[in-house]
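Thanks for coming. I will talk through one structure, starting with a term we need and then going from one chain to its contact with another.

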Amino acid sequence: MTMGATDASGVTAGTGGTGVATGTGACEGSGGGGSVGGRAPGPVLSVAGLKVTFVRRDRELPVVKGVSLEIAPGEAYGLVGESGCGKTTLALALMRYLPANGRVDAGSVRIDGEDVFSLPEERLRELRGTKLAMVYQDPASALNPSMKVGEQIAEVYRFHEGLSRAAALAAARDSLERVAMPDPDATLERYPFQLSGGQQQRVVIAMALAGDPRLLVLDEPTTGLDATVEAEVLDLIEELRGKVDAAILLISHNLGLVARLCERVGVMYAGRIVEQGPARELFTDPRHPYTMGLLRCLPRFGVRKDEVSLVPIPGSVPPLGSTMPGCVYASRCRLVRPVCTRREPDLFAVPGDLAAKGRAAAEGEPPAPTAQSPHDAEPVGDAARHTRCYVPDEVPAMRVEEEHVHKVQARAARADDVLAAAGVSKAFRDGGRRLVAVDDVTIDVVAGETFGLVGESGSGKTTLANVIAGLYAADGGEVRFLGQRLPPRAAERDRDVLRAIQMVFQNPDSTLNPSWSVRRILSRSAARLAGCRGAARRERVEELARKVHFEPRYLENKPAELSGGQKQRIAIARAFAGSPTLVVCDEPASALDVSVQATILNLLADLQAEQNVSYIFISHDLAVVRYLSDRIGVMYLGWLMEIGDAEDVFRPPHCPYTEALVSAIPTLDFDHRRPRIPLRGAIPSLSDPPTGCRFHTRCHRFLGDLCRREAPPWREAGEGHRYRCHISPNELRELQLAELGPLPGR
Amino acid sequence: MEQASPPVGLPAETVVSEQALRRRYVVRKLLRSPTFLVGLAILLFWIFMALFSTYVTRYGPFAIDPYNTLTGPSAQHWFGTDDSGRDVLSRTLAGARPVLEVAPLATLLALLAGTTIGLTAGYYRGIVDEVLMRAVDVLLAIPVVIAGIVIVSGLGASLAVIILVIAILFTPPVSRTVRSAVLAEREREYVQAARLRGESGLFIMAAEILPNCLPPIIVEGSVRLGYAVFTSATLSFLGFGLQPPSPDWGLTISQQSQNIQVAWWTVIFPAVALATLVVGANLVADGLRRTLSE
């Protein structure tokens, strides 16, 4: 028994402070920290009660509000949470890299026992070079563009280990070999721009590992990279785990990624760690409503919109630096009690039997009420789980509650084509070179369906979307809309066509004119697209706002005053101003946090069910595309590689490129992990596309000369399902099924 | 629904208006910047003098006193008198008027023309851009002062001509600034959304893009103002601007420069006045640029 008397609701009667350092001392001392200390020479990183405040425009904003965590040697610890929760600030504070307007108010950071905050500047620099290394989000900006890769890596060895030029270059070569860079000798002589994104990130990681760091901090190491490149970097990190003894702190908003790489996970919300524990347990049986909330926002791979609806977390992350007396999550929590808003819960240990009950509950049995307070349990060593919640045993039941399904109108066996693009090509001129971004692509979209368009960046999916919407004129082929040939440019289309084909863009920050009020934005669209005047227009604006769940009282606001999700809602409302027939959605939710993404995806699905609108939905997130789409087209280097019903495209036989894309999806499903198919090399340049099959340079099912010489034929793999490959459907099915092993029942 | 309402337990004000906060912040930061305040004070001083100098000085700027020519600074004439016995203080203060008639108007015209050219070239790109920008390049290649002299000697030195000359010569740099701002703005998605509504090019330029290019245009204007003061003084100095007996600084400096050996005060004070006005305009420009570009 480590704590005093507590009542059944979990309110502690005698504990003093609310800060992590004091209030949860009992839990952490005997739990995580203690046991780690007992087993190993001590944690590599130990953060205690860290508080960081920013000063912005004369306001004090506490961003990290007391965080404690420890990472043992060789351990990978994942930090997840929505943006604005203080993850990156925490990482910067670890290395004393805070910007000038940030300061550490309290707490300590020890790296290998050394107190980072009391080190002299000199020693700190040494520490940053030897014991600590950080990898940031954008590899291109971390490398010096005017310096050869070899020299950049060698510089690290020369500076930190005092090696001679030749010795440093040799060490650089070895380091490239360590990060499995293909052809390290040639790479030494290259400039960063000559490498692919994945290779650049390899170089950055090689540099980070050059000093044999004790702690490697990876801050969103794959965000902004294509799924296939992400998979490549992930594989590398996973592989390095076996070779390098460094502790890893991985910061990411991508739960699937963290689940794959990390043993332990901390969930951060509004500057606090709200739940912490072993990755598998935490993701399969979360005990904090926020963790559960995050999980319910994600479309589980293989789930469709007519089966399960996403459940967004209500509300949004509190504005940076806001303070509240109770639990940081209380304002959005479904399980909130009066006590939650009065006093912040400590980081309680989750007892083992409770976790077991939770699992039972998740499998269908109702949870038995526990008389036992969370406090009474003994923390269970290294695998101890902690949650900052008064009612952790009620969390598992949230999984099953209120999952409503989007009422999708049953698609007619063969509905009429809304849009038919035949043989569309579009080339751009770049200097003297001709880049064929879309090459002879034929797709059709029927009424009320979602047509998903996937592919790596540079595959031409956005160009195709823009051609259809009328932003670019195609060079070849034709686009028919409801049987009529479409004028290529929006300016030449009459109002009825403009009204019927609209677009939702990717970037919430530039999709709305920053100097217009929301009302003016919607009003203009209502006038132009629906032809509304006067009172009818005012009414239409409010109707649109209601439709996208936007509170009318914010109509006078400028976009800068709205959250990313609100901006995207307005962008959707704008597209729906004239009751469109087809809306092109170009990554409409990828710039948003998961919970906001879920509300946007739900909104799109609901609007579709209501108005029978068709979507062309572009996304790099295959789980999202699969969730929303009825049919899918896969593009690579301007070619359409595969087209068919969503289900068919995602299972064998499918084009080897699709196969690789699907295998790259990071998943939270711990039991059914697919073997990943690495794509070799970089995406070839559009100015000099490969001969024969465009994909042959990277294909894992490369047949040899045939693929190099001849463009592959279209293969019919089923009703409306076609793909391009030299391998026949039957053969391909055998090959691909053999690789997958027994298929999970989904 | 979600997001729309402020989170429970937070004062509503924290979510209210990032925009209003920013505006308040910009104003406060400007008022706290010594650079901007000093510049503003100088500008206001000269504007006041341009309007009211005849009410605050003891002598008229044109009042001749043949018995007191080229007298040094004294209690009667703080800045001394010139070769016609006119009070240098009165003439220096009154000299603000001609320059402040020319410079702001010329700047405004240059802003109008430059914004129109920059918007058109930047929005339409292609051949329109090529033609307009090559024309601008040609104008930029002509030395300002020489071109000014040629035009003024051809058309005569009236106020309108001088204003027009300076406006034309300042149009190219303004168009370049505006064009580069437009180039960045036109790629943004709200412009594409406007095209998908079938908006005309004129509407997109004027209503969608222009409002978002205002900060660089304001900064450009304040920078050009300083240069315009300078250019108008130069033209006057060379005899191609205002004509005697105008108290214009450039003109006065050139007229009195023959006396500089015996009566330095006749030249130094108008020169200092000119310098302060140029520096004042530049300080304001600096303050604006720093605050607006944040």
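A residue is called buried when its relative accessible area is under 20%, and exposed when that value is over 50%. Keep in mind that what you see is a predicted model.

Let us begin with chain B. How much of chain B is buried? Of its 294 residues, 47% are buried. The chain still exposes about 13,800 Å², and 69% of that area is supplied by carbon and sulfur atoms.

What is the secondary structure of chain B made of? The count is 13 helices and zero strands.

Now the interface. The size of an interface is often given as the accessible area lost when the parts come together. For chain B and chain A, the buried area is about 3,800 Å², and carbon and sulfur atoms give 51% of it. Chain A brings 49 residues to the contact, and chain B brings 33.

Two salt bridges are found across the interface by the rule. One of them joins the side chains of A:Arg528 and B:Glu199, with 3.8 Å from N to O. There are also 12 residue pairs in polar contact between the two chains, counting pairs with both residues at pLDDT 80 or more.

Which elements of chain B give two or more residues to the side that touches chain A? They are α2 (18–32), α9 (189–196) and α10 (201–209). The largest share comes from α2(B), with seven residues. Sorted by type, this side of chain B has 15 nonpolar, 11 charged and seven polar residues.

A:Glu114 sits in strand β5, which covers residues 114–115. Is A:Glu114 buried or exposed? It counts as buried because its relative accessibility is 17%, and the cut-off is 20%. Its side chain makes a polar contact with the side chain of A:Arg123, at 2.7 Å. Leaving out residues up to four places away in sequence, A:Glu114 touches A:Val109, A:Leu119, A:Arg123, A:Leu127 and A:Lys131.

That is the end of my part.

Terms used. Residues are numbered from 1 along each chain as its sequence is written. Chains are lettered from A and ligands numbered from 1 in the order in which they are written. This is a predicted model: local features need pLDDT of at least 70, side-chain atom pairs count only at pLDDT 80 or more; totals for chains, interfaces and linings use all residues. Side-chain values use heavy atoms; hydrogens and water are left out. Contact means heavy atoms within 4.5 Å. Buried area is the accessible area (1.4 Å probe) that two parts lose on being put together, summed over both. A salt bridge is a side-chain nitrogen of Lys or Arg within 4 Å of a carboxyl oxygen of Asp or Glu. A polar contact is a pair of N or O atoms within 3.5 Å; within protein, one must be able to donate a hydrogen and the other to accept it, and residues adjacent in sequence count only if both atoms are side-chain atoms. Helices (H or I, at least four residues) and strands (E, at least two) are DSSP runs, numbered from the N terminus. Ala, Val, Leu, Ile, Met, Phe, Trp, Tyr, Cys and Pro count as nonpolar, Asp, Glu, Lys and Arg as charged, and the others, Gly among them, as polar. Buried means under 20% relative accessible area, exposed over 50%, partly exposed in between (1.4 Å probe, protein chains only). Accessible areas come from the Shrake-Rupley method with a 1.4 Å probe; for residues, only the protein chains shown count as cover.
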